[in-house]
Amino acid sequence: MTGPLDIVILGLSLSSSWGNGHATTYRALIGGLHAEGHRVLFLERDVPWYAAHRDLPDPGFCQLVHYSDIDEMIENHADRIKAADAVIIGSYVPSGVTVIDRIAALKPRRLCFYDIDTPVTLAKLDRGDEEYLARRQLATFDACFSFSGGEVLARLERRYGARKAIALYCSVDASRYQATGEPFRWDFGYLGTYSSDRQPTLERLLVEPARQLPHLSFVVAGPQYPGDIDWPANVERIEHLPPADHPSFYSRQRFTLNVTRSDMIAAGWSPSVRLFEAAACGTPIISDDWRGLEELFADGQAIIIAKGSDHVIDALTKISPEGRRALASAARATVLERHTGEVRARELAAALRELPEDGVNDSRPQPQSISA
């Protein structure tokens, strides 16, 4: 298979970044695919909470179609799905188990899963929770692209039955994420939707340093934080920050914080899109610790890996402006070389070209049942 690829993606959301990290991940990847000359149709379930917060209703780099009914979506797009070089279904797609079975029944040429939540998915499967993916379905896919790399890939194949597991980390659109040159407003900040398992780390690595450094300014941006959190007076809250405002947000911080969900810490090798965005904007990063992080960014050279509040306080008060700029420069260079949307698009296209056309030779295991 040579030349431009025709790809159909069914994902959680492309149009709205509200309360999810999927949209920015898809935007960078699909933007990269577009830049490389490939054609993408993105099918997104029309749900009210994203419909009310669409910050990219009409992307210029792909065709975006919303659907309300699975039967209608299949009827309208069956021909395109069957003819496409590859169909990729993402994690957390509403009624995902049904969607996967219905798409698999069409026998697309190449059927893949893109798990932007791999550690969460595996933890759910271990509990028997099949919210968007049934364990039996993993063998249906020609490849499972995973947000997590390292040891997770072997586990997907050996324990969960994936035919082929391939790391496909998130990425960043480097044309959008870069320093704006604005003056600093905050000494330390964090961008992320509230998560109960991340909150203790946020308390330890940002809230506690804010209490101990009342003369410095802090910020936490993101939705869904409970109203009963006791924020120090020097912590500013921003309820929602659309992606268009992310570069300005990062550029106005002396340092920014990266916090990882517990399932992803346990799995390791699971960088968040925020990590790459901040680095691309030239903002020095202080991060919690997890396996695989130092393989992406060298500790003390391109990132500060914090063990606790004292480590954060030392970084905020003792690192010189020259040291801060050196950290930022090293991290940005790493991202531009290895983690842009164009780089990730080339990785995806190369992997897809190596897969057999199972929809043609009918060697793919077929779904055991098709939900109505």
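**Entry 1: cavities.** I start with terms: on a 1 Å grid over the protein atoms alone, a cavity is a set of points where a 1.4 Å probe fits but cannot get out, a pocket is an open set with protein on both sides within 12 Å along at least five of seven lines, and lining residues have an atom within 4 Å of a point. Grid points are joined across faces, edges and corners, and a volume is the space filled by probe spheres set on the points.

I also note that this is a predicted model, where local features need pLDDT of at least 70, side-chain atom pairs count only at pLDDT 80 or more, and totals for chains, interfaces and linings use all residues. Residues are numbered from 1 along each chain as its sequence is written, and side-chain values use heavy atoms, with hydrogens and water left out.

My search of the whole structure gave 3 cavities of 30 Å³ or more. The second largest cavity holds about 60 Å³ of space. I found Phe 113, Asp 115, Leu 138 and Cys 144 among the residues that line the second largest cavity. β5 (111–115), α5 (118–126) and β6 (143–146) each give two or more residues to that lining; helices (H or I, at least four residues) and strands (E, at least two) are DSSP runs, numbered from the N terminus. I sorted the lining of the second largest cavity by class and got 7 nonpolar, 3 polar and 1 charged. Here Ala, Val, Leu, Ile, Met, Phe, Trp, Tyr, Cys and Pro count as nonpolar, Asp, Glu, Lys and Arg as charged, and the others, Gly among them, as polar.

The largest cavity has about 90 Å³ of space. Its lining includes Ser 17, Gly 19, His 240 and Arg 274. By class, the lining of the largest cavity splits into 3 nonpolar, 7 polar and 1 charged.

Entry 2: I put the largest pocket at about 770 Å³. It has 33 lining residues, and Gly 19, Asn 20, Gly 21, Arg 198 and Arg 261 lie nearest its centre. Among the elements giving two or more residues to that lining are α1 (22–35) and β8 (186–191). The lining of the largest pocket divides into 14 nonpolar, 14 polar and 5 charged residues.

The second largest pocket comes to about 260 Å³. Of its 17 lining residues, Arg 27, Arg 176, Tyr 177, Pro 243 and Ala 244 lie nearest the centre. α1 gives the largest share of this lining, 3 residues. I count 10 nonpolar, 2 polar and 5 charged in the lining of the second largest pocket.

**Entry 3: cysteines.** How many disulfides are there in the whole structure? I found 0, taking a disulfide as a pair of cysteine sulfur atoms within 2.5 Å. Cys 170 counts as buried because its relative accessibility is 1%; buried means under 20% relative accessible area, exposed over 50%, partly exposed in between (1.4 Å probe, protein chains only). Cys 281 is buried too, at 2%.

**Entry 4: Ser 91.** I located Ser 91 in the loop between β4 (86–90) and α4 (96–105). Its relative accessibility is 0%, so Ser 91 counts as buried. Beyond its neighbours within four places in sequence, its contacts (heavy atoms within 4.5 Å) include Leu 12, His 22, Phe 113 and Tyr 132.
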